[in-house]
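Open the model in your viewer and keep the selection tool ready. The tour goes stop by stop.

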Amino acid sequence: MNTVKLRILFMLLLGTSCMERRSLEELAAEKQEEIVQKDRVYFRNVLGIGDYGPSPDYLKSNRESALASAAPWLSNGLIDTMDFLDFVLPHQVNNAVGENWRGNVGKRITVPSFPGGKVSREAFIDFCNQINDLLGKDNVFGKTDGDESFYRYTDYGLKKGSCIAMSDYANYTFRALGIPVASDFVPVWGNLNSAGHTWNRLLMKGASYAFMGSESNIGVYEPLVITKYEDGSISAAKIPPKVYRLARYSRNASDFFGSSVVDVTGEYVDVRDIFIDGQQDSPSDIYLSTFNRGRYIINCLGQKDGKRIVFRDMAVGLVYFPVKLDRATPTPVGYPIVCSEKGDETKKPDLRFPMTVRVDHLSSLAEEQFNIINELGYGFLDSLDYNNMDAMCPKPVSGYIYELYYWDFGWKKHDVVRCTADGLVFENVPGNGIYIVKPVSGELRECRPFAYEEQGVKWF
């Protein structure tokens with residue numbers, strides 16, 4: 001460990017108060033050395049670029065600009081020193097290099113003068129929302145063929161982009177204005193057949209706020225809600241197994257498949273630790289995954305804890321599948337685990353206790369709400385009984401044939417049944433399992449798993 005890293009570690013152990021006794025200029029200069037070292041490793045190992053290295057003049061100019069732009073927010077106690085060092089000072093926002101993006105933002109946006117130099121939290125948040133409104137005139141959601149991780153600030157104007165591009169555009173802009181804004185992301189939703197999502201988080205001293213760059217402001221944006229009516233009523237929730245914050249330069253970051261991240265799941269949902277016995281001697285890393293679009297999608301790497309594997313801060317209300325990677329393919333190594341507020345329950349099908357399973361709907365309310373929005377947009381919501389399962393979710397049709405599967409190291413077909421006028425009922429189903437039901441002509445990738453409880457189907 002070099003001298004710079006040792007000094008930084010020593011400061012971290014002493015706490016933020018010690019850091020604040022030193023000049024911010026000193027901290028920024030030392031942090032920049034650390035940033036450059038991390039970038040060299042990242043560009044070499046991840047991007048295959050071996051000659052990365054900004055010039056001393058570029059670094060000095062970037063540091064001075066970052067310090068100047070953040071000065072009013074720091075002096076008013078609105079932002080934290082550590083957040084400035086991690087999410088304002090770095091000269092890289094994504095993988096693009098060689099642009100004076102701070103200067104380009106400054107040519108376009110001027111920070112207003114505040115009376116007496118005093119800025120209230122309310123005025124600060126209002127200013128941030130005004131900036132985001134401005135970004136919405138330049139960049140809208142849409143598909144793109146380019147590699148968005150290499151977009152420069154000047155590439156965004158009047159362009160379409162994914163949520164990743166929209167988030168990066170906000171990061172460029174706010175960081176150039178001295179405001180620490182990060183990208184939070186969900187690798188995959190835990191209760192939907194859908195890919196994940198990325199949005200922004202404004203980091204203030206003592207609080208932080210979600211928003212969607214170029215699209216939805218602080219106080220309005222709710223990343224875990226499918227939609228919200230004008231009367232304040234909301235849809236079913238999108239549940240993230242994990243929420244990670246991209247934090248390439250944070251000293252608390254860990255690796256998630258090549259990205260340096262901080263786990264912030266607990267800032268969004270209730271969480272619990274999950275423990276698995278019997279895998280501590282496995283030569284392979286053990287992960288937790290969720291079942292999504294017919295595949296196991298990894299969300300979290302387990303850590304050895306004595307004779308157990310522990311998965312920290314997993315979202316409750318989901319079913320997880322323990323897996324290992326076999327030639328880059330997630331392969332099950334244990335039975336599903338339902339994580340609830342009461343605790344964890346391993347779902348191992350038990351043939352000794354068969355049960356009758358009655359299926360009234362073929363999908364969950366959250367899944368169907370999400371599908372309607374994707375297919376029809378928001379304009380149809382007023383004509384729908386949106387929170388009514390009978391109105392939203394497909395039902396078994398009398399005369400049609402359906403299949404029930406249970407999970408036992410893969411989906412095992414239990415039975416094929418024709419729905420009658422009395423409903424869709426499967427007999428002698430192994431108890432304590434995780435199940436899937438589908439039309440005989442349907443595909444597993446279209447299904448959501450469920451458990452069967454006294455109250456009936458429990459969708460995940």
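Buried means under 20% relative accessible area, exposed means over 50%, and partly exposed is in between. Keep in mind that this is a predicted model.

**Stop 1: a surface pair**

Select arginine 358 and aspartate 360. Their side chains form a salt bridge, 3.2 Å from N to O. Arginine 358 has a relative accessible area of 36%, so this residue is partly exposed. Aspartate 360 is partly exposed as well, at 42%.

**Stop 2: aspartate 390 and lysine 395**

Go on to aspartate 390 and lysine 395. Here the salt bridge spans 3.8 Å, N to O. Aspartate 390 has 46% relative accessibility and therefore counts as partly exposed. Lysine 395, with a relative accessible area of 42%, is also partly exposed.

**Stop 3: a bridge between strands**

Now pick lysine 413 and glutamate 403. Their side chains meet in a salt bridge of 3.1 Å, N to O. Lysine 413 belongs to strand β20 (residues 411-418) and glutamate 403 to strand β19 (residues 401-407), so the pair ties together parts that are 10 residues apart in sequence. Is each partner buried or exposed, or in between? Lysine 413 is partly exposed, with a relative accessible area of 46%. Glutamate 403 is buried, at 5% relative accessibility.

Next, select Lys31, Glu34, Lys38, Asp86 and Arg251. Salt bridges with shared partners join these residues into one network. How many salt bridges are there by this rule? The count comes to 20.

**Stop 4: helices α3 and α4**

Two packed helices are described by the angle between their axes and the distance between the axes. Show helix α3 (residues 24-45) together with helix α4 (residues 56-75). Their axes come within 11 Å and cross at roughly 130°. That makes α3 oblique to α4. The crossing of α3 and α4 is right-handed. For the contact, display side chains on both helices. From α3 come Leu24, Glu25, Ala28, Ala29, Gln32 and Val36; they meet Leu59, Asn62, Arg63, Leu67 and Leu74 of α4.

**Stop 5: helices α7 and α8**

Switch to helix α7 (residues 121-135) and α8. They pack at an angle of about 130°, and their axes are 11 Å apart. So α7 is oblique to α8. The crossing of α7 and α8 is right-handed. On the α7 side, the contact is made by Cys128, Ile131, Asn132 and Leu135; on the α8 side, by Tyr169, Ala170, Thr173 and Phe174.

**Stop 6**

Which side chain of opposite charge is nearest to aspartate 168, and how far away? The nearest is arginine 175, at 6.9 Å. A salt bridge needs a side-chain nitrogen of Lys or Arg within 4 Å of a carboxyl oxygen of Asp or Glu. Aspartate 168 is buried and has no salt bridge. Leaving out residues up to four places away in sequence, aspartate 168 touches Val93, Asn94, Glu148, Tyr156 and Ser183.

**Stop 7**

Find aspartate 313 in strand β13 (residues 308-315). Aspartate 313 is not a glycine, yet has a positive phi of about 55°. This aspartate 313 is partly exposed, at 33% relative accessibility.

End at alanine 328, in the loop between β14 (318-326) and β15 (329-332). Alanine 328 also has a positive phi, about 70°, although it is not a glycine. At 67% relative accessibility, alanine 328 counts as exposed.

Note on methods. Residues numbered from 1 in each chain as written. Predicted model: local features only at pLDDT ≥ 70, side-chain atom pairs only at ≥ 80, totals over all residues. Heavy atoms only, no water. Buried < 20%, exposed > 50% of the residue type's maximum accessible area, 1.4 Å probe, protein only. Lys, Arg positive; Asp, Glu negative; His and termini not counted. Contact = heavy atoms within 4.5 Å. Axes fitted to C-alpha atoms, helices over the stretch in contact; angles between N-to-C directions. Helix = DSSP H or I, 4+ residues; strand = E, 2+ residues; numbered from the N terminus. Parallel < 35°, antiparallel > 145°, perpendicular 65-115°, else oblique. Left-handed = near helix turned anticlockwise from the far one by under 90°.
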